[in-house]
Amino acid sequence: MKLKLFVFLAAIFLTLTACSSEQSGKLDDTDQKKNEINEKENTADNVTTTNDNVIDLVAKEVTQPLNSEVTVNAWTFNGTVPGEEIRVQEGEKVTINLTNELSEPTSIHWHGIPLENEMDGIPGVTQNAVQPGESFTYEFTATHPGTYMYHSHQEAVNQMDKGLYGSLIVEPKVKTYDRDYTLMLDEWMSNQEDSDSMNENMAGMDHGSMGGMDDGNQEHNEMGEMGHDMSIYDIFTMNGKSGESIEPLKVKEGETVRIRLANVGYMSHNIHLHGHNFKVAAIDGQELNEPQEISDQLIAVAPGERYDIEFTADNPGEWYLECHGDMEGTEGMKAVIQYEGSSKSIDQSNQSENLPIFDFANYGGAIDDEFSLDQEYDIEYTMDLNGNDMENIWSINGNSFPDIDGLNVNEGDLVKVTLVNNSPAGVDHPMHLHGHFFQVLSKNGKPIEGSPIVKDTLNLKSGDEYVVAFKADNPGNWLFHCHDLHHATAGMVDLIKYEGFEPNFTLDPNANNKPE
């Protein structure tokens, strides 16, 4: 039924009422000292680890140098891009106080980690956008160790593009690695005028605001005229820096090194580790079973995805970890892995080398897991992902947000979802589900044969069909959307709605809520 979501939210509006860094396990003195030394060596200056797990984040505008030649005006958490890395221990409660010193409303979404719906940070769906000069407190328990992100979800296509993001690392009670680095992958425009013009054009559109929606036609027309030419992004960055400005990743011979690759941009990036065999230890924060060593394969990290790789530092020298491709910005996306005390010179970069892309479909060791293709499900749902760059109208099952039906579930339901990318060749859709993990059961008709693959973001290339399953065990209203946020802004957003759930906030029609 047309505008079902509008009716649903209007009903909510009428009926709502107002409404550490210390490891938790006990360690002997030797292990404690070793951990303290490792933490000092492995933790960069922009990492926040707190004893009481109360963290203050201030959203503000600063100038950010990307390399020795280009400086941009960036929107940041605590004055840096990425924002300060937050590290907590598995099982710890976290309190984050957001203060908005920007000129526009904002919010924080905790990407990938399950939490209560009211903490999900989606303006108009789980809260009202945090207005300039105001604050909001997020509280949740870090129940799942892994690599996660935090970023704005208020008009995020612009606010993330300006740098409003950071990493959230939940450390396990028992570590399998000695050295630990996080690299956030992103793209920028060296021409600030182009960037400002794009952001102004997109900011002027009505993105289906949850406080006063229209039919979105004006948005679609303007987006169709403007489009989103990805070639305009000509500087690729790791942790907000490009080229020689990227800090070396220092290691010691014999160490086990984990590198967390997190993509906060709008393009997939193919990452190659030189000179070492490595394992894909985790995807989207979830550890893989019995990962095998591989070499000379590209790790394709799509927008919203995270891949943790691990290797043994057994080849002294200086080695590249670099992006492969042929776009203008590719050359700047490479870091040097630097052995301490080694006198060997750096290896040769080869970012155009043609290498196979890692495929998780038959990687690792198989074990019995929660879901299978042939079991019974309470709900079976198909998501037809479609659209094109010429019109820049993107849809799920023929409807564009906010004119969608959504999916109604009951708590406890087992849900099987078939995702199909029917968009033109060359168009990817990295689909991100909030509030839940899902297990990938099949890819293009073939069952997953290796380790169970549990994710929250799944990239579909044109023609791909994946079957995934999840348990409806976290009541709320949850977005399921494309993390190429140009597509989300132009309509590729769905909503998972739990029967009987009522949000714990009063919708403010003047908050300028823009959840995409």
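Reader: What do buried, exposed and partly exposed mean here?
Author: Buried means under 20% relative accessible area, and exposed means over 50%. What falls in between is called partly exposed. The model in question is predicted.

Reader: Is Asp369 buried, exposed or partly exposed?
Author: The cut-offs are under 20% for buried and over 50% for exposed. Asp369 has a relative accessible area of 40%, so the label is partly exposed.

Reader: Where does Asp369 lie, and which residues form the negative surface patch with Asp369?
Author: Asp369 lies in the loop between strand S20 (334-339) and strand S21 (379-388).

Reader: Why is strand S26 described as largely enclosed by the rest of the structure?
Author: Strand S26 covers residues 438-443. It is called largely enclosed because the buried residues number 5 of the 6.

Reader: Which strand pairs with S26 over 4 bridges?
Author: S26 has several antiparallel partners. With S28 (residues 453-455) there are 3 bridges, and Phe438 stands opposite Lys455 there. With S27 (residues 446-447) there are 2 bridges. The partner over 4 bridges is S30 (residues 465-471).

Reader: Which residue in S30 is the bridge partner of Gln439?
Author: S26 and S30 run in the antiparallel sense. Within S30, the partner of Gln439 is Ala469.

Reader: Which residue takes a positive phi in the hairpin of S26 and S27?
Author: The two strands pair in the antiparallel sense, with Ser442 opposite Pro447. The hairpin has 2 residues between the strands. The residue with a positive phi, near 50°, is Asn444.

Reader: How many residues of strand S24 are buried, and which strand pairs with S24 in the parallel sense?
Author: Strand S24 (residues 414-421) is mostly covered, with 7 of its 8 residues buried. S24 pairs with S30 in the antiparallel sense over 7 bridges, where Leu419 has Tyr466 as its bridge partner. On the parallel pairing, also over 7 bridges, Glu380 stands opposite Lys416. That parallel partner is S21.

Reader: Which strands are the edge strands of the open sheet of 6 strands?
Author: The order is S11-S10-S13-S18-S15-S16, with mixed pairing. An edge strand here pairs on one side only. The edge strands are S11 (235-238) and S16 (286-287).

Reader: Which residue in S13 stands opposite Asp180?
Author: Strand S10 (residues 179-188) and strand S13 (residues 256-263) run parallel. They are joined by 7 bridges. Opposite Asp180 stands Arg258.

How values were computed. Residues are numbered from 1 along each chain as its sequence is written. This is a predicted model: local features need pLDDT of at least 70, side-chain atom pairs count only at pLDDT 80 or more; totals for chains, interfaces and linings use all residues. Side-chain values use heavy atoms; hydrogens and water are left out. Buried means under 20% relative accessible area, exposed over 50%, partly exposed in between (1.4 Å probe, protein chains only). Two strands pair if DSSP finds at least two bridges between them.
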